[in-house]
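User: I'd like to learn how to read a protein structure, one feature at a time. Can you walk me through one?

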Amino acid sequence: MDSSLSSQPEFDYLFKLLMIGDSGVGKSSLLLRFTLDSFEDLSPTIGVDFKVKMVTLGGKKLKLAIWDTATSVAAGQERFRTLTSSYYRGAQGIIMVYDVTRRETFTNLSDVWAREIDLYSTNQDCIKMLVGNKVDKESERAVTKKEGIDFAREYGCLFLECSAKTRVNVEKCFEELVLKILDTPSLCAEGSAGVKKNIFTQKPAQADASASSCC
Ligand code: GTP
């Protein structure tokens, strides 16, 4: 039987997740590892990219649209205001990434990124996940795990340390975030397959042409 004739929806929930953090912390690498289980030396993101991954979690079929942005786009510059606000609009989850070997990427979380979330996030209940990446470079560590835990506690985020290079905790980081979203009724209501909206049409004009197509 032609599956397109089936009345079964393709997914139960569609969630929009964002990756934010300084340039070079490994946002694109984490996304690539999670969506394609691959790691390569990536050139800096231009504009905005997003990838889609279907997963089954908590007994639900989920379509995750995960947006990755070039830092220069999201750093609150005046000419990118519209782009920045559309990037944040309607997100159910935000992954804040820093590099455990570069201290300034951690201090910028409160100086830049947490402020940006306050300014642009449209969703009070949005779940935040703090991620310390590049733990494979333990000898170069400049931010302790305790500092990460303390920051996450202060800002009400989930927290994990991981490595896009070795895979450590990458899947777990997305899964924990999504399970928490599934635990939050208001976010599930927004992401429900029955809710008529298309988060993909919000993709800004400057978006990278290499972005994964999904629809
Ligand atoms: P922008 O696109 O500029 O915002 O950077 P980004 O945050 O997307 O970082 P990207 O994924 O491009 O990674 C930057 C560099 O760090 C690349 O050379 C990656 O190969 C490297 N990198 C990313 N994750 C890891 C990791 O877990 N361990 C190590 N050792 N290197 C990593």
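Analyst: We'll go from the overall layout to the sheet, then to a helix and some rings. Keep in mind that this is a predicted model.

User: Okay, how many helices and strands does the protein chain have?

Analyst: There are seven helices and six strands in the protein chain. Reading from the N terminus, the elements go β-α-β-β-α-α-β-α-β-α-β-α-α. As for burial, 48% of the 215 residues count as buried. Also, if you take the contacts with a separation of 6 or more, 76% of them involve residues 24 or more positions apart.

User: What is the order of the strands in the sheet?

Analyst: General idea first: strands in a sheet pair through backbone hydrogen bonds, and they can do so in a parallel or antiparallel way. Here you have an open sheet of six strands, in the order β2-β3-β1-β4-β5-β6, and the pairing is mixed. Now look at the edges, where β2 (48–57) and β6 (158–161) sit. Each has a single partner strand, so one side of each is left without a neighbour in the sheet. On average, neighbouring strands of this sheet are turned by 20 degrees against each other, direction ignored.

User: Which strands pair in the antiparallel sense, and which in the parallel sense?

Analyst: Take β2 and β3 (residues 60–69): they pair in the antiparallel sense over 10 bridges.

User: Next, the helices. Which strands does helix α5 lie across?

Analyst: Helix α5 (residues 145–155) lies across β4 (93–99), β5 (127–133) and β6, and runs at about 160 degrees to β6. Helix α6 (residues 170–182) packs on the sheet too, touching β1 (13–20), β2, β3, β4, β5 and β6. The direction of α6 makes about 130 degrees with that of β1.

User: Which residues of α5 are buried, and which exposed residues does the face turned away carry?

Analyst: To read a helix, check where its buried residues sit around the axis. In α5 the buried ones are Gly148, Phe151 and Ala152. They cover an arc of only 100 degrees around the axis, which puts them on the same side of α5. That buried set packs against β4, α4 (103–120), β5 and β6. On the face turned away from the buried side you'll find the exposed residues Lys146, Arg153 and Glu154. Just after α5, Gly156 takes a positive phi of about 65 degrees.

User: How many aromatic pairs does a search of the whole structure find?

Analyst: It finds nine aromatic pairs. To classify a pair, look at the angle between the ring planes: under 30 degrees counts as stacked. Tyr13 and Phe15 have ring centres 5.6 Å apart and planes at 5 degrees, so this pair is stacked. Phe50 and Trp67 are stacked as well, at 5.5 Å centre to centre with 20 degrees between the planes.

User: Where do Phe50 and Trp67 lie?

Analyst: Phe50 is in strand β2 and Trp67 in strand β3, so their pair ties together parts that are 17 residues apart in sequence. Phe50 is buried, at a relative accessible area of 3%, and Trp67 is buried at 0%. Both rings belong to one aromatic cluster, together with Tyr87, Tyr88 and Tyr120.

User: What lies over the face of Trp67?

Analyst: Check for a charged side chain above the ring. Lys16 lies over the face of Trp67, at 4.1 Å from the ring centre. Elsewhere, Lys53 lies over the face of Phe34, at 4.9 Å from the ring centre.

Key. Residues numbered from 1 in each chain as written. Predicted model: local features only at pLDDT ≥ 70, side-chain atom pairs only at ≥ 80, totals over all residues. Heavy atoms only, no water. Pairing = 2+ DSSP bridges. Helix = DSSP H or I, 4+ residues; strand = E, 2+ residues; numbered from the N terminus. Axes fitted to C-alpha atoms, helices over the stretch in contact; angles between N-to-C directions. Contact = heavy atoms within 4.5 Å. Phe/Tyr/Trp six-rings, centres within 6.5 Å; stacked < 30°, edge-to-face > 60°. Buried < 20%, exposed > 50% of the residue type's maximum accessible area, 1.4 Å probe, protein only. Lys NZ or Arg CZ within 6 Å of the ring centre and 35° of its normal. Arc of directions from axis to C-beta.
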